[in-house]
Amino acid sequence: MNSNHEHHRSETASPPNRPMSVSDIADSYAEYADCMHRLEWLDRAIIGRYRQARFGDVDGRVLDVACGTGTNFQYLPDGVDLVGIDISPEMLANAGKQLAEQGMDGTLREMDAQDLEFPDDSFDAVISALSTCTFPDPVAALREMNRVCKPEGTIRLVEHGRSDVGPIARFQEWRAEAHYAKMGCRWTQEPSDVVAEAGLGVLETRTGLFGTITTFELSPGRGGDR
């Protein structure tokens, strides 16, 4: 890959000059929470296999960061001790419905992913899907996930970003600003760059769906890295 192309990708992946605040994001998602819950069948068809592959073998006490309408819950093994957090009360209301539909026990709390209200080393696994694109400071959110995950635990992500297929990438670039204004989502963010900046160790990463989906198994930082 030549340096000009790398420079082009870096520019297109940049967030808007005036990113939304946490309250802006919450307001944006209040409008779409019910619709997203109704469209979970579509998510299962498109993204479900990526969620299953990354989240299907976690155990113990599990934190779902930016759990939204609870889409991840159905992919978790039986018996996990689940805690889900989100900034949007409307999303959490639908996540409660998802718990009931799945017959699962779990705790849901309204909380900012960039400032988690849990002690260090609280969870055996921390999971999150399609979320870092919405956080005003995704690096801070990932570092918080690292802080609350036990050193021997695991952090799992399913994220989206700029496609590696030219026509799809160009469409994303064309619609990036409008998409962010409507949904608070940075459509062309490079998930691997965010993970690297947060300083998390990558145990495994895979891409799919024309390069728009990247999944990660991450190792929590130890000692001075935490």
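Start by selecting F118: it is buried, with a relative accessible area of 8% (buried means under 20% relative accessible area, exposed over 50%, partly exposed in between, using a 1.4 Å probe and protein chains only). Before you go on, note that this is a predicted model, where local features need pLDDT of at least 70, side-chain atom pairs count only at pLDDT 80 or more, and totals for chains, interfaces and linings use all residues. Numbering runs from 1 along each chain as its sequence is written, and side-chain values use heavy atoms, with hydrogens and water left out.

Stop 1: A search of the whole structure turns up one aromatic pair (ring centres of Phe, Tyr or Trp, the latter by its six-membered ring, within 6.5 Å; planes under 30 degrees apart are stacked, over 60 edge-to-face, the rest tilted). You're looking at it: F118 and F123 sit edge-to-face, 5.0 Å centre to centre, with 90 degrees between the planes.

**Stop 2: the sheet.** Switch to cartoon view. Seven strands make an open sheet with mixed pairing, in the order β3-β2-β1-β4-β5-β7-β6. (Strands, E, at least two residues, and helices, H or I, at least four, are DSSP runs numbered from the N terminus; two strands pair if DSSP finds at least two bridges between them.) β3 (107-110) and β6 (201-208) are the edges, each with a single partner strand, so one side of each has no neighbour in the sheet. On average, neighbouring strands are turned by 15 degrees against each other, direction ignored (axes are lines fitted to C-alpha atoms, for helices over the stretch in contact; angles run from 0 to 180 degrees between N-to-C directions).

β2 (residues 81-86) and β3 run parallel, joined by four bridges; pick G84 and you'll find L108 of β3 opposite. At the other end, β6 and β7 are antiparallel over seven bridges, with T205 opposite F216 in β7. These two strands form a hairpin with four residues between them, and L209 in the turn has a positive phi of about 55 degrees.

**Stop 3: the helices across the sheet.** Select 138-148: this is α6, lying across β1 (61-65), β4 (123-129) and β5, at about 150 degrees to β5. Then try 191-198, helix α8, which lies across β5, β6 and β7 (213-219) and runs at about 20 degrees to β7.

**Stop 4: the cores.** Which residues touch the most other members of the largest nonpolar core? Of its 26 residues, they are L63, V65, I85, F118, V126, L142 and L157. (A nonpolar core is a set of buried Ala, Val, Leu, Ile, Met, Phe, Trp, Tyr and Cys residues joined through side-chain atoms within 4.5 Å.) α6 gives the most to this core, with five residues. A second, separate core of 19 residues includes I47, L92, A125 and I213.

**Stop 5: along β5.** Zoom in on L157, which is found in strand β5 and counts as buried at 1% relative accessibility. Beyond its neighbours within four places in sequence, its contacts (heavy atoms within 4.5 Å) include L142, M145, V195 and F216.

Finish at T154, also in β5 (residues 149-160). Buried or exposed? At 12% relative accessibility, T154 counts as buried. Show side chains and you'll see T154 make a polar contact with the side chain of R156 at 2.8 Å (a pair of N or O atoms within 3.5 Å; within protein, one must be able to donate a hydrogen and the other to accept it, and residues adjacent in sequence count only if both atoms are side-chain atoms).
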